[in-house]
Amino acid sequence: MKDARCYSHYKEALMGSIIDLAKEHEDIVFLDADLSSCIGSTSFEKEFPSRFFNCGIAEANMAAVAGGLSSVGLTPFIHSFGCFSSRRAYDQLFLSVGYAHRTVHVIGSDPGITAQYNGGTHMPFEDIALFRQIPGFVIIEPSDGQSLYSLVQQVYANGKSSYTRTPRKGINFRYLPDDEIILGKGIELMDGRDVAIIATGAVMVDNAVKAAESLKKDGIHATVVDLHTIRPLDEDLILDVAKKTGHVVVCENGRYAGGVGEMIAGLLAQKCPVRMAFMNVGERFGEVGPLDYLKSAFGFTPEALVEKVKGLLA
């Protein structure tokens, strides 16, 4: 696997992965909703000008076009901000892609609070819930640049339609190229018997690791799971850590209703009831501001997670 540390932003790792795929697979095309400069898809256009299509600020039409391209044997990757690639294009994705059994890979950039200064209108908290309602869609939210590069390659090889949730700006690296990152299999980052913290995406996995390190100082040992694949859900791992700890906290940069927390709560209610707590946006809309402010405003901090764990254990 390529070393993704050559990239300085998530959008570069994303486009680098797609371009590397396109060099080997001539069926891959890329569609953008007039956001090429935002996601860096001009790099794809430069490499493959005949396989790039700017559909303009018309995400619903872009999704329908992608379904049509898939019907003639092409494999489209399509991009817009997460709010538009989910809410605005939803009916076309449901019918022209899902119902029609086509394969399209949807990229939703700047999910949740990572939309920052674009504000509440551009903060998709419900995108996971929407894509969960389309049968067969794979949903991923990698937590670092290496897993983003790797998992994008794997969703293409998987052959099913997918939704990738990723920030554009900044980047962090948790994994090395030789680390085992497998679509559909969560990664246990830390091992503990007191509580399991299951997190998805860069913001929440970072919080989980920092909170676990802080809890250890107080004699509380947490298992931390990077749930980079939201669907299909790694039920075996979740059941294992729930049985081991008896306490589970689910952290997601989105809404509880229809989201990761509700999905895991449904699984555990049926197969392994345990005490649970949740970190999510609750019943709120987004705000405008820098990421550090938004983390504080929505309670997405390691300190808040420590208190949530202690409250659950109490």
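Modeller: Helix α9 gives the most residues to the lining of the largest cavity, namely 3. Before going further, keep in mind that this is a predicted model, where local features need pLDDT of at least 70, side-chain atom pairs count only at pLDDT 80 or more, and totals for chains, interfaces and linings use all residues. Residues are numbered from 1 along each chain as its sequence is written, and side-chain values use heavy atoms, with hydrogens and water left out.

Now the cavity itself. A cavity here is a set of points on a 1 Å grid over the protein atoms alone where a 1.4 Å probe fits but cannot get out, whereas a pocket is an open set with protein on both sides within 12 Å along at least five of seven lines; lining residues have an atom within 4 Å of a point. Grid points are joined across faces, edges and corners, and a volume is the space filled by probe spheres set on the points. The structure holds 1 cavity of 30 Å³ or more, and the volume of the largest cavity is about 60 Å³. Its lining includes Thr200, Gly201, Ala202, Val203 and Met204, along with Pro111, Glu141, Arg165 and Asn253. Sorted by class, the lining of the largest cavity has 6 nonpolar, 4 polar and 2 charged residues. For that count, Ala, Val, Leu, Ile, Met, Phe, Trp, Tyr, Cys and Pro are nonpolar, Asp, Glu, Lys and Arg are charged, and the others, Gly among them, are polar.

At 1.5 Å a residue, the 16 residues of α9 (202-217) should span 22 Å, and its end C-alpha atoms, 24 Å apart, agree with that. (The expected span is 1.5 Å times one less than the number of residues.) Much of the story is on the inside: among the buried residues of α9 are Ala202, Val203, Met204, Val205, Ala208, Ala212 and Leu215. Buried means under 20% relative accessible area, exposed over 50%, and partly exposed in between, with a 1.4 Å probe and protein chains only. Just after the helix, Gly219 takes a positive phi of about 80°.

Two strands count as paired if DSSP finds at least two bridges between them. β8 (195-199) runs parallel to β11 (247-251) over 4 bridges, with Val249 as the bridge partner of Ile197. Another 5 bridges join β8 to β9 (222-226), again in parallel, and Ile198 stands opposite Val225 there. Together, 5 strands make an open sheet of mixed pairing in the order β7-β9-β8-β11-β12. β7 (187-190) and β12 (275-279) are at the edges with a single partner strand each, so one side of each has no neighbour in the sheet. The twist averages 25° from one strand to the next; axes are lines fitted to C-alpha atoms, for helices over the stretch in contact, and angles run from 0 to 180 degrees between N-to-C directions.

Last, two loops. Gln116 has a positive phi of about 50° although it is not a glycine, and it is partly exposed at 21% relative accessible area. Val288 lies in the loop between β12 and α12 and is exposed, at 51%. Val288 and Tyr117 are 171 residues apart in sequence but 5.0 Å apart in space, C-alpha to C-alpha.
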